[in-house]
Amino acid sequence: MEKTIEESKQGQATIIKKNNSFSKKLYLESYGCQMNFSDSEIVASILANEGFETTRQLEDSDLILLNTCSIREKAEQTVRTRLRSFNKLKKRKSHLIVGMLGCMAERMKSTLLEEEKLVDLVVGPDAYRDLPRLIEEVEGGQKSVNVLLSREETYADISPVRLDKNGISGFISIMRGCDNMCTFCVVPFTRGRERSRNPLTIVAEARDLYNKGYKEVTLLGQNVDSYRWNISKKGDIIDENTSTTNFAQLLALVAKVAPDLRVRFSTSHPKDMTDEVLRTIASHKNICNYIHLPVQSGNSEILKKMNRGYSREWYLERIKAIKKIIPNCAISTDIITGFCGESDEQHQETISLLKEVEFDFSYMFFYSERPKTLAERKYDDDIPLSTKKSRLQEVIDLQHIHSKKKNENAIGNTFEVLIEGFSKKSNEMLSGRNDQNTKVVFPKGNAKVGEYVNVKIESCTTATLIGKII
Ligand code: 5AD
Ligand code: SF4
């Protein structure tokens, strides 16, 4: 994600800037999921208040923060390599502080301080309000750590500094943490218990973005379908004097902010996604017809071992419900190949599920065992890497065929596209997405970034539709 600084004010923002001028420079780099990118905007806001201006020039910085991901081993390796690359700069600039934020900070705690001396500062996802104090400690010559997880923190009152480049599309975090305990997943350990954010602050943030010219918001949570405000886990009302909000109702509230504000959301969970949510999407033109619904595996036994809370049949029934209630809905998924004990037959069930659903898009991974997860404790990571990788390749090749077919079928159709910027390849071409989240590029004509245009599709690649404004 690109970084420019633009102070954003939310209706109920309580951050009061202590320093009107920026005296120090912050270089902030984010890895992993959209939630991390969104968190970085909260961090930038907290630190702007302390006089830190964000910079894209590493050499100029007084503080380097990496917002890290632990989801797979490779993600952590990437961060370690990046941290080592700062060593030279650190030697040249004695006051330079390097800190690690996010999931890897939470998972590693102080080990990176002690063992490898790669960082001065380690801060977990629920401790960002403590950053000013922690930085002061480091400036005083100490190493600093805060990895406390919270049951309440949602940063609801903090007005994020938007770090995205285009000023058209913004993330809004609606909840934090995850209670699902999928056996392969490290997130419940690094991001703590699930908690939802006050809906009024979410709507205020969407309205504020719209007033600043944004045309799209994406509501973020590990499992948005379990968003609940003033409703207990069992479904009871907590406070009789406060209104309750579930995810479907939250979607409708955000959709009402403005008819030309597109609303997206991620991630949905097959075990929790209700027909009420689907009907809400269908009945609001500005809620995009696109659902990311991770399946992980097409075999019920593996799904059980993964503790996903649904079977193959349940998942396929949810797909049917989507297709019935929102006929034009694009659907994407996540797949893991080579989970503990996965047989060839079980893998073939993933292949057959992919063939049955024909997803528009997939994020595909081979299983990477993560320390302390339930799978690490309970199951043998017994599928050879070569098998994990060949199964993954099979999945990738199949998805490629499906994505291409979907795009080819779109040729001749006309889509409303929100223009997000110039195409990567040419300044004569604009780029945006249609309602179904497919990238569309077209000659710019007189159109401008932030406008909606109708584009007739003339050709395609696997990932992109190419057309002309009509
Ligand atoms: N190994 C491989 N992939 C994983 N994911 C989560 N944990 C792991 C793991 N240990 C994938 C899942 C999830 C996505 C965000 O990352 O598919 O939906
Ligand atoms: Fe991890 Fe499962 Fe929670 Fe997603 S739903 S964050 S995969 S535990």
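In the predicted structure, 5 strands close into a barrel in the order β17-β18-β19-β21-β20, and the pairing among them is mixed. Within this sheet, neighbouring strands are turned against each other by 50 degrees on average, with direction ignored. Strand β17, which spans residues 414-422, pairs with strand β20, which spans residues 452-460, in the antiparallel sense, and 5 bridges connect the two. Among the residues involved, Glu-416 has Asn-454 in β20 as its bridge partner.

The shell around ligand 2 is drawn from several parts of the sequence and includes Cys-178, Asn-180, Met-181, Cys-182, Phe-184, Cys-185, Val-187 and Pro-188, together with Gln-222, His-269 and Arg-308. When the residues of this shell are sorted by class, 7 are nonpolar, 3 are polar and 1 is charged.

Helix α6 comprises residues 131-139, and its buried residues are Leu-131, Pro-132, Leu-134, Ile-135 and Val-138. Because these residues cover an arc of only 165 degrees around the axis, they lie on the same side of α6. The elements against which the buried residues of α6 pack are helix α1 (34-48) and the strands β2 (52-54), β3 (63-68), β4 (97-101), β5 (121-123) and β6 (144-146). After α6 comes Gly-141, for which phi is positive, with a value near 100 degrees.

Key: Residues are numbered from 1 along each chain as its sequence is written. Chains are lettered from A and ligands numbered from 1 in the order in which they are written. This is a predicted model: local features need pLDDT of at least 70, side-chain atom pairs count only at pLDDT 80 or more; totals for chains, interfaces and linings use all residues. Side-chain values use heavy atoms; hydrogens and water are left out. Two strands pair if DSSP finds at least two bridges between them. Helices (H or I, at least four residues) and strands (E, at least two) are DSSP runs, numbered from the N terminus. Axes are lines fitted to C-alpha atoms, for helices over the stretch in contact, and angles run from 0 to 180 degrees between N-to-C directions. A residue is near a molecule or strand if one of its heavy atoms lies within 4 Å of it. Ala, Val, Leu, Ile, Met, Phe, Trp, Tyr, Cys and Pro count as nonpolar, Asp, Glu, Lys and Arg as charged, and the others, Gly among them, as polar. Buried means under 20% relative accessible area, exposed over 50%, partly exposed in between (1.4 Å probe, protein chains only). The arc is that of the directions from the helix axis to the C-beta atoms. Contact means heavy atoms within 4.5 Å.
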